[in-house]
Amino acid sequence: MADFTENLLKWHKTKNSREMPWKGEKDPYKVWLSEVILQQTRVQQGWAYYEKFIAAFPTIHDLAIAPEQKVFKLWEGLGYYSRCRNLIATAKKIDAEYNGRFPTSYGEILTLKGIGPYTAAAIASFAFGLPHAVVDGNVTRVLSRYFGNSTPIDTTAGKKLYAELAHSLLDIQQPDIYNQAIMDLGATICLPRNPLCADCMQQTKCKAWQNGWTSQLPIKEKNIQKKQRWFYYFIVETFDGEVYIRQRNAKDIWEGLYEFVLWETEEPAYFNNSRLPESNFLRQLFGRQSLTVRYISKVYRQELSHQTIRGQFLTVRLKSPLASPGDYIRVSRSRLSEFAFPKFINAWLLDPTPAQSLF
């Protein structure tokens, strides 16, 4: 095992040229922010968001006192918005209870909302030099292949095994450098597909390379069955140029973001000419008033981790305001850019060309 750590650190010092703006950062706020952004997000995408957040909120205090909609607007496009809600909640807690200073122990860091063992280990080691090994997808892939271990990485036994392996290999004198090195190795050499084994300094002792197992390891036990959802958004126009929107507050995807009038169905709906299909939702929404369906968009699609969202956007003009708008509010189209919308809706806002134009 000593050979693994020694070779890894030598590679990191002499050949690891991976650049990232947070690499080598000692400010726990910036380490935390980068780790939260990179959860479920590629480095190439997260880089620009990290720099925008640091520019807008240079300190935890700045983030804690910022209007939440400003934070959500800056997060727009990153997805997995629970990360943003947790970011705000934790910033407020640190600002109020720790006087804006990040807690310095692994145990305290782990109690903060949205911070699990991996993120706590990253903050503890990078910012404070504490001997905690990070265990993310890159790390488990490297370890599974190097040791030729077929224990599924997404099981309780697997998580325990790889956490113990990672800790046993950690250089406790320089945990920050070791952790960065093994993550970079997984990100640049020990790739999920077509790993660059010829360039890997661990090759000669790697069980996966010796036995031709690189394409088979690591193993995951669970195959996620994605939920299928259909979202039909009605851009309900009034004759004064306003549309209806609301903030999503249910414990569901995109909580805290805004949306147009939504009709969700289990199966795809079909729209013929200017007629809307019969449904209780549409009858309650529009009643008996006369309306015109002006445009119907193409079908949009977004893949989330556990579900697939498909749907269309229908522009509808009314002669009078909705009788029972519920929690929808009216805003002018010119103000839509002030509100944070999910990626699914922004895709349409950026290109609202209709698939059908109905007048």
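A residue is termed buried at under 20% relative accessible area, exposed at over 50% and partly exposed in between, with a 1.4 Å probe and protein chains only. The model is predicted: local features need pLDDT of at least 70 and side-chain atom pairs count only at pLDDT 80 or more, while totals for chains, interfaces and linings use all residues. Residues are numbered from 1 along each chain as its sequence is written, and side-chain values use heavy atoms, with hydrogens and water left out.

Buried residues account for 46% of the 359 residues in the protein chain. The C-alpha trace of the chain spans about 75 × 50 × 35 Å along its principal axes. Secondary structure was taken from DSSP runs numbered from the N terminus, with helices as H or I runs of at least four residues and strands as E runs of at least two. On this basis the protein chain has 14 helices and eight strands. Helix α6 contains Cys84, which is buried at a relative accessible area of 0%. Between Cys84 and Gly287 the separation is 203 residues in sequence and 38 Å in space, C-alpha to C-alpha.

Aromatic contacts were examined next. A pair of aromatic rings is described by the distance of the centres and the angle of the planes. Rings of Phe, Tyr and Trp (its six-membered ring) were paired if their centres lie within 6.5 Å; planes under 30 degrees apart count as stacked, over 60 as edge-to-face and the rest as tilted. The count by this rule is 23 aromatic pairs. One of them is formed by Phe53 and Trp75, whose ring centres are 5.9 Å apart and whose planes stand at 85 degrees, so the pair is edge-to-face. Distant parts of the chain are linked by this pair, as Phe53 lies in helix α3 (residues 43–56) and Trp75 in helix α5 (residues 68–75), 22 residues apart. Both Phe53 and Trp75 are buried.

The rings of Tyr300 and Phe313 are also edge-to-face, because their centres are 5.5 Å apart and their planes are at 90 degrees. Tyr300 belongs to strand β5 (residues 300–303) and Phe313 to strand β6 (residues 307–318), so this pair ties together parts that are 13 residues apart in sequence. Tyr300 and Phe313 are both buried. These two residues belong to one aromatic cluster, which is formed by Phe231, Tyr233, Trp254, Phe260, Tyr300, Phe313, Phe341, Phe344 and Trp348.

Trp254, a member of that cluster, has a positive phi of about 65 degrees although it is not a glycine. Trp254 is placed in the loop between β2 (242–247) and β3 (258–265) and counts as buried at 7% relative accessibility. A positive phi, of about 45 degrees, is also found at Tyr80, which is not a glycine either. Tyr80 sits in the loop between α5 and α6 (82–97) and is partly exposed at 33% relative accessibility. A cis peptide bond, with omega about 0 degrees, joins Leu217 and Pro218; Pro218 is in the loop between α12 (207–211) and β1 (227–237).

A charge was taken to sit over a ring if NZ of Lys or CZ of Arg is within 6 Å of the ring centre and within 35 degrees of the ring normal. Lys52 lies over the face of Tyr49, at 4.4 Å from the ring centre.

The largest cavity is lined by 15 residues, of which Arg145, Cys190, Cys200, Gln202 and Cys206 are the closest to its centre. Helix α9 (residues 137–146) contributes the largest share of this lining, three residues. The lining divides into eleven nonpolar, three polar and one charged residue, where Ala, Val, Leu, Ile, Met, Phe, Trp, Tyr, Cys and Pro count as nonpolar, Asp, Glu, Lys and Arg as charged, and the others, Gly among them, as polar.

With a disulfide defined as a pair of cysteine sulfur atoms within 2.5 Å, the count is zero disulfides. The sulfur of Cys197 has its closest cysteine sulfur in Cys206, at 6.4 Å, which is too far for a bond. Cys200 is in no disulfide, and the nearest cysteine sulfur, that of Cys190, is 6.5 Å away. Cys200 is buried, with a relative accessible area of 18%.

Notes. 1 Å grid on protein atoms, 1.4 Å probe; cavity = no way out; pocket = protein on both sides within 12 Å on 5 of 7 lines; lining within 4 Å.
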